[in-house]
Amino acid sequence: MRCSSPTRSASVPTRSPARTWGEKGSTPVVRRTGNRFSVNAMSAISTKGRMHFMVFTEAFDADVMCRFLDHLAGHFDHKVHFVLDGHSAHRSRKVRAWLADHPGRIELHFLPSYSPELNPDELVNADLKRSLPMLSRARDQAQLAAETRRFFHRRQRQPHIVRGYFGGPHVRYILE
């Protein structure tokens with residue numbers, strides 16, 4: 001299984017373009033709390049349409065990366081080839097130590113610097129950010145995390161969409 005990881009944890013916006021109505025000649029006022037919150041998400045996708053993910057609220061660092069590697073390794077009885085960018089958490093000592101402690105489980109392959117177009121998981125991030133505002137506006141971080149998980153669970157049941165993330169001309173290298 002070839003997997004891909006986002007270039008960074010995907011921060012999900014809490015604001016989306018919205019329309020409302022108002023009296024002609026006066027600007028409508030929409031009351032909001034002003035609170036800002038976000039969640040982070042990390043996913044791995046395969047050319048066969050499989051998707052694994054993790055939604056978390058803390059900052060993306062080596063500890064989170066190792067937790068995700070544990071999650072991935074637990075789902076496969078063969079070696080996983082994991083395509084990543086050069087994020088510092090991906091290249092950290094902790095991750096290298098994790099790989100040394102789990103030989104033959106996961107092999108990391110790094111993309112060239114500044115090449116998000118080569119990472120099909122960037123399309124997952126774009127799909128997530130495009131889909132969330134259409135659902136409902138989250139009122140707090142817990143609700144946003146639940147909606148993000150719902151998006152990923154839905155995509156897990158739609159392997160044809162996951163396979164479609166590999167359809168672009170820049171990511172053909174994965175299929176060869």
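View 1. Mean pLDDT for the chain comes out at 86, with 84% of residues at 70 or more. Residues 5–16 are another story, as pLDDT stays under 50 there. The model still gives that stretch 53 contacts beyond four places in sequence. A word of caution: where pLDDT is low, the predicted coordinates should not be read in detail.

**View 2. The largest nonpolar core.** This core has 21 residues, and those touching the most other members are F60, M65, F68, L69, L72, F82 and I106. At least two residues each come from β2 (40–45), β3 (51–56), α1 (62–73), β4 (80–84), α2 (93–101) and β5 (106–110). Zoom in on L72 and you'll find it touching A44, H52, F82 and I106, leaving aside residues up to four places away in sequence.

View 3. As a general matter, nonpolar side chains in soluble globular proteins tend to be buried together.

**View 4. D140 and its surroundings.** D140 sits in the loop between α3 (121–135) and α4 (141–156). Its side chain reaches the backbone nitrogen of Q143 at 2.8 Å. D140 counts as partly exposed because its relative accessibility is 38%, which falls between the 20% and 50% cut-offs. R36 is 104 residues away from D140 in sequence, yet their C-alpha atoms are 8.5 Å apart in space.

Methods
Residues numbered from 1 in each chain as written. Predicted model: local features only at pLDDT ≥ 70, side-chain atom pairs only at ≥ 80, totals over all residues. Heavy atoms only, no water. pLDDT = per-residue confidence, 0-100. Contact = heavy atoms within 4.5 Å. Core = buried A, V, L, I, M, F, W, Y, C linked by side-chain atoms within 4.5 Å. Buried < 20%, exposed > 50% of the residue type's maximum accessible area, 1.4 Å probe, protein only. Helix = DSSP H or I, 4+ residues; strand = E, 2+ residues; numbered from the N terminus. Polar contact = N/O pair within 3.5 Å; in protein donor to acceptor, adjacent residues only side chain to side chain.
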